Amino acid sequence: MEEKYIIRKIEEFVHRKLHLEGSGHDWWHIERVRKNALRIGEVEHANIFVVELAALLHDLIDDKLPVTVRLDVNDVECYLEEIGIEKAIAADVISIINVISFRKNTPVSQLTLEAKVVQDADRLDAIGAIGIARTFIYAGSKGNILYHPENHEGTDAISHFYAKLLKLKDLMNTDTGRSIAEERHQFLYQFLDQFYQEWNGEE
Ligand code: ADP
Ligand code: NI
């Protein structure tokens, strides 16, 4: 089956599953990750077909998705077989979405280039203006508060900046990803500065 046709089918499949998802894993997250993954993948000379498939499918088995939407990895495997994707490509894609979804701390040395690319694209969507917006929609969807000034390791949205967002820049796998991350990382600090100034009435 032609690659373009396969991509179109998977796009429709993922869109059907995620268009109403309300915790930051909606279709537009997938679309942004795909776009950035292709951008990084091209510069890094990755296999673009594998990158695009993995970017499209990367969140479907995530344990943060509601059970009503989440798929089992075997279901994704069967689906890829059903639509006629070559076995070796399907295996590459499945291994990438496993690494990304289960947040296994897989050593970078064990990641394929395509896994590195998709992971970088996913991480980019967790920082910068979009990452900030996603943090607050995620916190809201879980009923967590905005900020708790006395508890820096709490479940409030601002704590998540320190628990995860500010660490992502140094975890980027590729030079291309790292260079895009730089500005987004600085923007997190700008946001936090302004946030604390307003919080303290110092602006
Ligand atoms: P993805 O799978 O797309 O990398 P996650 O599933 O880890 O992202 O989280 C989805 C979004 O919600 C990300 O932008 C992430 O930073 C944010 N998020 C995850 N956990 C929390 C949390 N405890 N508080 C606020 N935001 C969170
Ligand atoms: Ni994601």
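**View 1. The shell around ligand 1.** H7 is the top contributor to the shell around ligand 1, giving 5 residues. Helices here are DSSP runs of H or I with at least four residues, strands are runs of E with at least two, and both are numbered from the N terminus. Please keep in mind that this is a predicted model, in which local features need pLDDT of at least 70 and side-chain atom pairs count only at pLDDT 80 or more, while totals for chains, interfaces and linings use all residues. Residues are numbered from 1 along each chain as its sequence is written, and chains are lettered from A and ligands numbered from 1 in the order in which they are written. In total, 15 residues surround ligand 1, and the closest are Gly24, Arg134, Thr135, Tyr138 and His160; a residue is counted if its C-beta atom, placed from the backbone, lies within 6 Å. H7 and helix H8 (157-163) each supply at least two residues of this shell. By class, the shell has 4 nonpolar, 5 polar and 6 charged residues (Ala, Val, Leu, Ile, Met, Phe, Trp, Tyr, Cys and Pro count as nonpolar, Asp, Glu, Lys and Arg as charged, and the others, Gly among them, as polar).

View 2. Across the boundary, 7 residues of domain 1 are in contact with 8 residues of domain 2, contact meaning C-beta atoms, placed from the backbone, within 7 Å. On the domain 1 side, 2 of these residues are nonpolar, 3 polar and 2 charged. Ligand 1 lies between the domains, because both give residues to its shell.

**View 3. H7 against H9.** Helix H7 (residues 128-141) packs on helix H9 (residues 175-199) at an angle of about 55°, with the axes 8 Å apart. Axes are lines fitted to C-alpha atoms over the stretch in contact, and angles run from 0 to 180 degrees between N-to-C directions. The pair is therefore oblique (under 35 degrees is roughly parallel, over 145 roughly antiparallel, 65 to 115 roughly perpendicular, and the rest oblique). Gly128, Ala129, Gly131 and Ile132 of H7 meet Arg184, Phe187, Leu188 and Phe191 of H9. This contact has 5 nonpolar, 2 polar and 1 charged residues.

Conventions. Contact = placed C-beta atoms within 7 Å. Domains from an automatic or database assignment.
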